[in-house]
Amino acid sequence: MFEKVLIANRGEIALRVIRACKELGIRTLAVYSDADVDSLHVQLADESICIGAAPSLESYLKIDRIMSAAEIGDVDAIHPGYGFLAENPHFVEVCESCNIKFIGPSSRAMQAMGDKNAARACARKAGVPVTPGSDGIVETEDEAIRIAKKLGYPVMIKAAAGGGGRGMRSAHNEPSLKSAFHSARHEAQKAFGNEQVYLEKLIVNPHHIEFQIVADSHGRVVHLGERDCSIQRRNQKVIEECPSPLMTPSLRKKMGSAAIKLAKSVGYENAGTIEFLVDQDRHFYFMEMNTRIQVEHTVTEEVYACDLVKEQIRIAAGQPLSPHIAHAVPRLHAIECRINAEDPANDFQATPGRIDFYYAPGGRGVRIDSHVYTGYTVPPYYDSLIAKIITVGATRTNAIDRMRRALGEYYITGIKTTVPFHAAMMRNGDFRDGNYDTGLLDRLVSAGKLELASPPIRLRE
Amino acid sequence: MKKHDLSVFEIEKEGFRLKLEKGPSVQAAAAIAPAVAAQPEPASTAPETAPPRPKAIESVPLNDIVSPMVGTFYRSASPEGAPFVDVGKSVTEDTVVCIIEAMKVMNEIKAETSGVIAEVMAENGKPVQFGQVLFRVR
């Protein structure tokens, strides 16, 4: 087992990794930017090294400084969290050449799945259904028009180097396809340094259902069921649940097998997620694979009674899959709400700043993964996630009602947060009925259908 | 000051200069004495030829040379070699003041300021982090 791990991340996931390390008796080294000097994870780590100025490009993305810190700290392994360098095959290679274990898949497996277009080819080869689309990169406008005609509108233009819901444009007819094709390429070049795009048939009102897979270094791959992440605002997940209200045992078996097959075909190791789109008729299509731990890994942990981050570390240290993971059985229902520093009454504008008072809910079946505290200043340089609240219940309705109860106790002042928005969602009839798709939230928001209530409690600050 | 962990606070009139220092300071006792009575430093006076000043009213601004990277700090090019700079040494922007070794690469660090080395803040052979003060320059 490792003696010391460097956490190459920040915020709630850095805290998550440090917690897992502490429970495993592993010493921790946190690297941080100027803006995160007061961060909770920096204080909890055994050692910490400042690696740069606030902007990510000058700190959390600086491979040389992170490796230098790893060398000084004499660490055995690096956990990349999610985002930043978590899916950067070059970073994995640098770790490999420095004899420091990267807690995740090999650079080869990461590369195979990282290029979203190449991943589709892998899926096709493995016999996993993919969204009907172009056979590869679409180079010209004429080619795009031809392929779109064959697929039938509407279509989606996606960046090959994209992911995480970014670098996508939809087109509902030929005129809009032309402009969407060119602007998608332009955006892709700017955002990912790679203008290559491919086309997919746009599946109307799908469910986004993803499967958690765990693979050890001895060739064993299992899946830990699915998460439904269809509640999205502008392609960003905001609410996730396990299991999916749309799932049936036979569909789970088919999708789970497909996920395992795909992971095995690229020699995948460690934790990963295979994302599918599922249409109204319960046909499923491979969309992309995320070769890292995900934000919403928490709901799987609650339902399958496991610690995925600890398992990541164990796998990286060469241990075989833990028996409780290999034979995991789902019990209970879990929901996660992502609390962001955003103002839901103001088009979800980001609201960085000082948290004057922070009180988090508790009680049975409530889990909070958060790095913030009273007096903490949310910096403007990074994503707006300040907390994840997860509730567990014997049934889906229990979990939803528990979330509604817990959100009523969540008291955060000084900045605006999306707590009232989530509270409104827990009251929403379509969500409660499990009758939703990836378009629901944007529809509710634009129709002004979400009533944002003020918190029922006031605490003396 | 205590709230922000400041231990030194200086103020100077006329060509208004303000100096704040975080964390423990060797000069704490001396510097807390008000520097208001200090004469403004004439711009043309070169530091070496300035008349000796009592520590309590040291109002000449200090620049810091900070580390631009994460690595191990070395004062000389080789273990038995002489240090690049010492207290009292004059530096210009291009003067190499130390080496920071990162990932087996020896990086020569330039002063990027001019003046006289007033204090060596980092320890030879010890790790330094981004932004850490290496030298105080007068």
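Ile99(B) touches Tyr74(B), Ala77(B), Met106(B), Asn107(B), Glu108(B) and Ile109(B), leaving aside residues up to four places away in sequence. Keep in mind as you explore that this is a predicted model. Ile99(B) itself sits in strand 6 of chain B, which covers residues 96-102.

Is Ile99(B) buried, exposed or partly exposed? A residue needs 20 or more C-beta neighbours within 10 Å to be buried. Ile99(B) has 19 inside 10 Å, so this residue counts as partly exposed.

Among contacts in chain B between residues at least 6 apart in sequence, 51% join residues at least 24 apart.

How do the two chains meet? Ten residues of chain B are in contact with twelve residues of chain A. On the chain B side, six of the touching residues are nonpolar, four are polar and none is charged.

| Helix of chain A | Residues |
|---|---|
| Helix 4 | 89-97 |
| Helix 5 | 107-114 |
| Helix 13 | 396-407 |

The axes of helix 4 and helix 5 of chain A come within 9 Å and cross at roughly 175°. An angle over 145 degrees counts as roughly antiparallel, and these two helices of chain A are therefore roughly antiparallel to each other. Helix 4 of chain A contributes Pro89(A), Val92(A), Glu93(A) and Glu96(A) to the contact, while helix 5 of chain A brings Ser107(A), Met110(A), Gln111(A) and Gly114(A). Sorted by class, this contact has three nonpolar, three polar and two charged residues.

Helix 13 of chain A lets you check a simple prediction. At 1.5 Å a residue, its twelve residues should span 16 Å, and the end C-alpha atoms are 16 Å apart, which agrees.

Which residues of helix 13 of chain A are buried? They are Ala399(A), Ile400(A), Arg402(A), Met403(A), Ala406(A) and Leu407(A). Seen down the axis of helix 13 of chain A, the buried residues fall within an arc of 160°, so they line one face of the helix. Among the elements of chain A that cover them are strand 14 (333-340), strand 19 (366-370), strand 21 (385-393), helix 14 (419-427) and helix 15 (429-432).

How values were computed
Residues numbered from 1 in each chain as written. Chains lettered and ligands numbered in written order. Predicted model: local features only at pLDDT ≥ 70, side-chain atom pairs only at ≥ 80, totals over all residues. Axes fitted to C-alpha atoms, helices over the stretch in contact; angles between N-to-C directions. Helix = DSSP H or I, 4+ residues; strand = E, 2+ residues; numbered from the N terminus. Parallel < 35°, antiparallel > 145°, perpendicular 65-115°, else oblique. Contact = placed C-beta atoms within 7 Å. Nonpolar A, V, L, I, M, F, W, Y, C, P; charged D, E, K, R; others polar. Expected span 1.5 Å × (residues − 1). Buried ≥ 20, exposed ≤ 12 C-beta atoms within 10 Å, placed from the backbone. Arc of directions from axis to C-beta.
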